[in-house]
Amino acid sequence: MANQKNNIIIEQSSEDNNLPKVFLHGPPKFSIVLQPKPSHNFHILNPSSHPPLHEFIALNPHHASSITAVVCTGGFPVNAEVLQLLPSLRLVCTPSAGTNHIDLFECLRRGIQVSSAGNLFSEDVADLAVALLIDVGRKISAADRFLRSQLQKPWDFPLGSKLTGKKIGIVGMGRIGLEVAKRLEAFSCMISYNSRNKKPLLSYPFFSSVLELATNTNVIILCCDLNDQTRHIVNKEVMLALGKGGIIVNVGRGALIDEKELLKCLIEGEIGGAGLDVFENEPHVPKEFFSLDNVVLSPHKGALTSESLIGISQLVEQNLKAFFSNKPLLTPVI
Amino acid sequence: MESIGVLLVAKVIPYLEQELNKRYNLFRIWDYPQISQLLTQHATSIRAVVGRSNAGADSHLIDALPNLEIISSSSVGVDLIDINKCKEKGIRVTNTPDVLTDEVADLAIGLILTLLRKICESNRYVRSGNWKCGDYKLTNKFSGKTVGIVGLGRIGTAIAKRSEAFNCSICYYSRTQKQESKYKYYPSVVELASNCDILVVACPLTKETHHIINREVINALGPKGFLVNIGRGKHVDEPELVSALLEGRLGGAGLDVFENEPHVPEELFELENVVLLPHVGSGTVETRTVMADLVLGNLEAHFLGKPLLTPLV
């Protein structure tokens with residue numbers, strides 16, 4: 001009996017040895033959340049996603065040249081150095097819409113394919129953007145906090161500011177920006193936008209700079225990619241142009257905003273408030289934010305609904321399966 | 001007009017109080033430790049009462065003001081005004097419909113989103129300084145869900161319009177089916193609750209709608225369902241709601257109103273799956289100002305013998 005069991009184990013190993021190797025490049029819990037179901041097409045080298053990549057390669061140097069695909073997440077970059085470490089890499093699969101943690105140029109150069117979450121999260125991220133906007137404007141979290149403190153009776157809570165009819169400036173009119181626009185139109189908001197290029201099929205007014213956009217709106221919602229052109233695209237000048245009643249919502253990437261300046265403007269009342277799902281150095285959030293009543297802070301959960309999780313697990317698995325069956329990726333980036 | 005006595009029965013925005021004070025002989029109910037003192041001294045000079053969603057004029061007060069001609073409420077709901085008594089005595093009643101519809105609908109959507117996407121909880125979590133990478137607490141998607149509305153009036157319709165932009169399906173219950181409505185109608189609240197993910201209360205408070213959200217409705221909504229109340233606290237059997245939340249029979253609740261404001265059942269403070277607001281439905285500077293102008297406009301019209309702007313009675 002024992003022999004049989006051992007034989008089975010050996011057989012499994014040799015089967016696994018012939019399968020293309022996939023590495024999970026993320027934090028320890030990453031694999032529990034995103035593990036593709038065991039497949040006949042590929043073998044996951046590190047189901048527990050521990051230890052991290054460099055340590056793993058140091059312990060198992062023979063695997064450096066066996067890894068054909070990496071599933072990675074924000075905070076775990078696939079940069080030139082990582083690509084150098086994995087000479088057989090052919091696919092980078094990220095369960096996010098954003099790809100700023102991947103050196104796309106270097107992947108292109110090396111003929112490595114990249115897949116992302118595509119539009120899977122667009123609705124959830126757009127919902128969160130609207131949630132943060134209403135919360136900041138109507139002081140929902142602050143009011144809930146006020147009630148739970150049980151200190152104040154009768155209720156004397158400050159008034160919020162009206163959302164219906166407000167002028168909204170969306171930075172980045174990809175799928176997420178469009179979903180945000182669609183939602184806020186139902187609140188009779190007036191939508192305008194800035195993006196790399198004007199979209200000829202869109203009827204919303206276009207502004208060629210974020211500064212102009214901020215000058216002409218009451219709310220800025222950041223829905224764009226983070227890259228060299230968009231780093232700190234919301235700076236002090238933009239915030240002053242937005243003005244004292246203005247609200248900033250960020251569901252893109254933390255570094256789209258000059259965080260230090262944002263804090264200053266909020267404390268000094270140069271802008272009205274901010275709803276932030278992302279920060280420059282997650283999970284670190286400057287403590288000065290914690291005492292502000294006019295900000296709502298969210299730990300990068302734009303896409304983290306139960307429904308999205310099921311969706312992304314399926315999508316990652318489908319992309320890996322497609323790749324290893326020599327079929328087109330479902331959600332290719334390059 | 002300074003000789004016209006106006007009784008203010010609730011705290012309002014400074015603008016309204018100042019204008020009332022300028023134009024009339026204003027009595028503030030909170031200036032008198034006992035209402036009997038106020039009535040003894042000034043009852044006969046009071047010709048108007050100005051109220052709000054949290055204070056109106058009951059039968060007793062109306063009887064005590066022999067020269068009362070008009071009650072003007074800075075709210076759309078008038079459940080705290082004895083309307084029948086007003087009709088009997090020929091007392092005019094005005095409210096502030098339409099001007100707050102958008103505001104309350106915005107708040108309803110805000111409550112739904114903060115509840116489903118656990119915004120308050122996330123906010124608390126980040127502020128605790130405990131955020132670590134890879135913390136995967138999941139929330140509930142709003143887009144595409146089914147929203148059930150109790151009361152498809154102005155506010156209910158505005159909530160439906162906004163929800164549709166999130167690709168939600170809309171269904172409703174009201175006293176009678178609205179023939180012109182494209183939304184699915186259910187002839188009872190229990191059936192509505194059984195067939196939606198999020199139940200929103202948006203109807204007026206009357207004898208018929210008192211405790212319209214009861215144990216049966218709450219159980220029908222279920223452990224994956226969410227209740228949002230932007231109507232009146234007494235729409236919901238509050239003790240039943242609390243026990244359902246504590247026992248996990250209801251997924252969560254977003255409440256702008258409570259049965260005995262400003263009292264909130266303390267058990268709710270321990271729960272993460274509730275969002276609690278101090279009756280802020282119409283609470284923005286912009287809207288409260290417009291409501292104030294409507295109150296002032298109605299009073300002015302009345303005392304000048306002109307048609308009222310927004311009469312109920």
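Visitor: What distance lies between the C-alpha centres of domain 1 of chain A and domain 2 of chain A?

Guide: The two centres are 35 Å apart. Domain 1 of chain A covers 2-120 + 306-324, and domain 2 covers 122-297. They're called domains because an automatic or database domain assignment sets their bounds. Keep in mind that this is a predicted model: local features need pLDDT of at least 70, side-chain atom pairs count only at pLDDT 80 or more, and totals for chains, interfaces and linings use all residues. As for bookkeeping, residues are numbered from 1 along each chain as its sequence is written, chains are lettered from A and ligands numbered from 1 in the order in which they are written, and side-chain values use heavy atoms, with hydrogens and water left out.

Visitor: What makes up the contact between those two domains?

Guide: Domain 1 of chain A brings 6 residues and domain 2 of chain A brings 5; contact here means heavy atoms within 4.5 Å. The area buried between them is about 570 Å², with 31% of it from carbon and sulfur atoms. "Buried area" is the accessible area (1.4 Å probe) that two parts lose on being put together, summed over both. On the domain 1 side, Asn100(A), Asn119(A) and Ser308(A) supply 67% of the area buried against domain 2, more than any other three residues.

Visitor: Why is the pair Glu307(A) and Lys145(B) called a salt bridge?

Guide: The rule wants a side-chain nitrogen of Lys or Arg within 4 Å of a carboxyl oxygen of Asp or Glu. Here the closest N and O atoms are 2.8 Å apart, so this Glu-Lys pair passes the 4 Å cut-off. Between chain A and chain B the count is 5 salt bridges, plus 30 residue pairs in polar contact (both at pLDDT 80 or more). H6(A) gives the most to the side of chain A that touches chain B, with 10 residues; helices are DSSP runs of H or I, at least four residues, and strands are runs of E, at least two, numbered from the N terminus.

Visitor: How many residues does each chain put into that interface?

Guide: 61 residues of chain A are in contact with 63 of chain B. The buried area is about 5,400 Å², with 61% from carbon and sulfur atoms. In chain A, Arg138(A), Arg148(A) and Trp155(A) lose the most area to chain B, together 15% of what that side buries.

Visitor: Which residues of H11(A) get the buried label?

Guide: In helix H11 (residues 259-267) of chain A, they are Glu259(A), Glu261(A), Leu262(A), Leu263(A), Cys265(A) and Leu266(A). Their cover includes helix H10 (236-242) and strand E9 (247-250) of chain A. Just after H11(A), Gly269(A) takes a positive phi of about 75 degrees.

Key
Polar contact = N/O pair within 3.5 Å; in protein donor to acceptor, adjacent residues only side chain to side chain. Buried < 20%, exposed > 50% of the residue type's maximum accessible area, 1.4 Å probe, protein only.
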